[in-house]
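Welcome, and thanks for opening the viewer. Please load the model shown here, keep the selection tool at hand, and follow along stop by stop.

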Amino acid sequence: MIRLWKWCAAGGALAPAVWVAGAVSTGRAGADPVEYLLHFTGNTAFILLLVTLGLGPAARLSGFWGIAAPRRWLGVLTFCWAFAHLGVWIGLDQFFAWTFAWRELQGRPYLWAGLFTFAVLALLTATSTDGWMRRLGRARWSLLHKLAYVAAGTALLHQVLQVRADYAVFYLYAAALGVIIAARLASMAVTGLNKRGP
Ligand code: HEM
């Protein structure tokens with residue numbers, strides 16, 4: 001049953017790829033498909049990061065520990081979407097013109113926030129294996145993987161720093177992250193700080 005849930009969650013995380021391929025190939029991506037892809041991949045990475053973070057508190061509060069089972073898979077898929085987002089920016093937006101991309105980075109703090117988030121997600125993905133969990137020990141591994149909350153915070157910063165007029169999406173993302181953090185704290189209070197669990 002848990003295995004099925006893990007595969008369903010992974011399928012859900014990959015399904016947007018089918019949607020975006022359809023949108024681009026049928027012209028639904030609008031006049032600027034590169035911008036569409038950039039925004040689509042960025043939003044998907046962020047939403048997936050929020051879903052991954054939300055599974056732990058949901059499992060603790062409900063008592064159904066299996067809910068949290070796909071977290072590592074979803075974390076890796078979050079990184080894959082962030083990688084696609086970076087790939088769209090470097091390849092399709094900047095045409096691999098590294099000097100130009102470097103110039104773009106100057107004076108655009110939101111890009112640095114994005115790069116920092118990407119680096120954190122890369123670290124978490126690299127250490128998400130059983131081998132790394134054994135090497136670090138459960139407690140240290142869990143502490144390291146709390147960096148996912150830092151990544152969510154800097155991804156939010158990346159998003160808000162580029163808003164020019166409409167803050168609606170930012171408020172939505174900030175509220176979602178706030179609820180997840182509050183649920184995490186509440187779930188820790190309910191189940192006890194020392195109890196093993198997600
Ligand atoms: C790897 C470094 C990154 C670069 C260079 C980068 C670059 C960009 C660019 C150029 C945009 C579009 C800005 C505009 O249209 O004015 C964007 C939007 C966005 N990015 Fe990133 N990004 C990076 C990492 C990330 C990561 C890791 C996440 C999430 C986990 C993320 C989430 C977003 C979101 C949510 C948006 C806004 C989309 C929207 O408003 O529709 N980005 N990014």
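**Stop one: Thr125**

Begin by selecting Thr125, which is found in helix α5. (Helices here are DSSP runs of H or I with at least four residues, strands are runs of E with at least two, and both are numbered from the N terminus.) Thr125 counts as partly exposed, because it has 18 C-beta neighbours inside 10 Å. On this scale a residue is buried if 20 or more other C-beta atoms lie within 10 Å of its own, exposed if 12 or fewer, and partly exposed in between, with C-beta atoms placed from the backbone.

Leaving out residues up to four places away in sequence, Thr125 touches Gly75, Val76 and Phe79. Touching, or being in contact, means that the C-beta atoms of two residues, placed from the backbone, lie within 7 Å.

Before moving on, a word on what you are looking at. This is a predicted model, in which local features need pLDDT of at least 70 and side-chain atom pairs count only at pLDDT 80 or more, while totals for chains, interfaces and linings use all residues. Residues are numbered from 1 along each chain as its sequence is written.

**Stop two: the nonpolar core**

Next, select Leu48, Leu49, Leu121 and Ala152, the residues with the most contacts inside the largest nonpolar core, which has 23 residues. Such a core is a set of buried Ala, Val, Leu, Ile, Met, Phe, Trp, Tyr and Cys residues joined through C-beta atoms within 7 Å. At least two residues of this core come from each of α1 (2-25), α2, α3, α5, α8 and α9. Which helix gives the most to this core? That is α2, with 6 residues.

Zoom in on Leu121: not counting residues up to four places away in sequence, Leu121 touches Thr78, Phe79, Ala82 and Ala151.

**Stop three: around the ligand**

Now center the view on the ligand. How many residues surround the ligand? There are 22, and the closest are His39, Gly42, Leu86, Gly114 and Phe118. A residue is near a molecule or strand if its C-beta atom, placed from the backbone, lies within 6 Å of it. To see where this shell comes from, color α2 (33-62), α3 (71-93), α5 (109-126) and α8 (147-160), the elements that give two or more residues to it. The largest share, 7 residues, comes from α2.

Color the shell by class and you will find 13 nonpolar, 9 polar and no charged residues. Here Ala, Val, Leu, Ile, Met, Phe, Trp, Tyr, Cys and Pro count as nonpolar, Asp, Glu, Lys and Arg as charged, and the others, Gly among them, as polar.

**Stop four: His85**

Stay in helix α3 and pick His85. Is His85 buried or exposed? His85 is buried, because 22 other C-beta atoms lie within 10 Å. Leu38 sits 47 residues away in sequence, yet its C-alpha is 5.8 Å from that of His85. With residues up to four places away in sequence left out, His85 touches Leu38, Thr41, Gly42 and Ala45.

**Stop five: α8 beside α9**

Show α8 together with helix α9 (residues 168-191): the two pack at an angle of about 170 degrees, with their axes 10 Å apart. The axes are lines fitted to C-alpha atoms, for helices over the stretch in contact, and angles run from 0 to 180 degrees between N-to-C directions. That angle makes α8 roughly antiparallel to α9, a label for angles over 145 degrees.

Select the contact itself: α8 brings Ala152, Leu156, Gln159 and Val160, and α9 brings Phe170, Tyr173, Ala174 and Leu177. By class, this contact has 7 nonpolar, 1 polar and no charged residues.

Then step over to Leu50 in helix α2. Apart from its neighbours within four places in sequence, Leu50 is in contact with Ala152, Ala176, Leu177 and Ile180.

**Last stop: the α3 to α4 loop and α4**

Finish with Phe95, in the loop between α3 and α4, and Phe96, in the loop between α3 and α4 as well. Phe95 has a positive phi, near 50 degrees, and Phe96 has a positive phi near 55 degrees. Phe95 is exposed, with 9 other C-beta atoms within 10 Å.

Helix α4 (residues 98-105) is hardly covered, and the count of buried residues among its 8 residues is 0. Following α4 you reach Gly107, whose phi is positive, near 75 degrees.

Definitions and conventions: Parallel < 35°, antiparallel > 145°, perpendicular 65-115°, else oblique.
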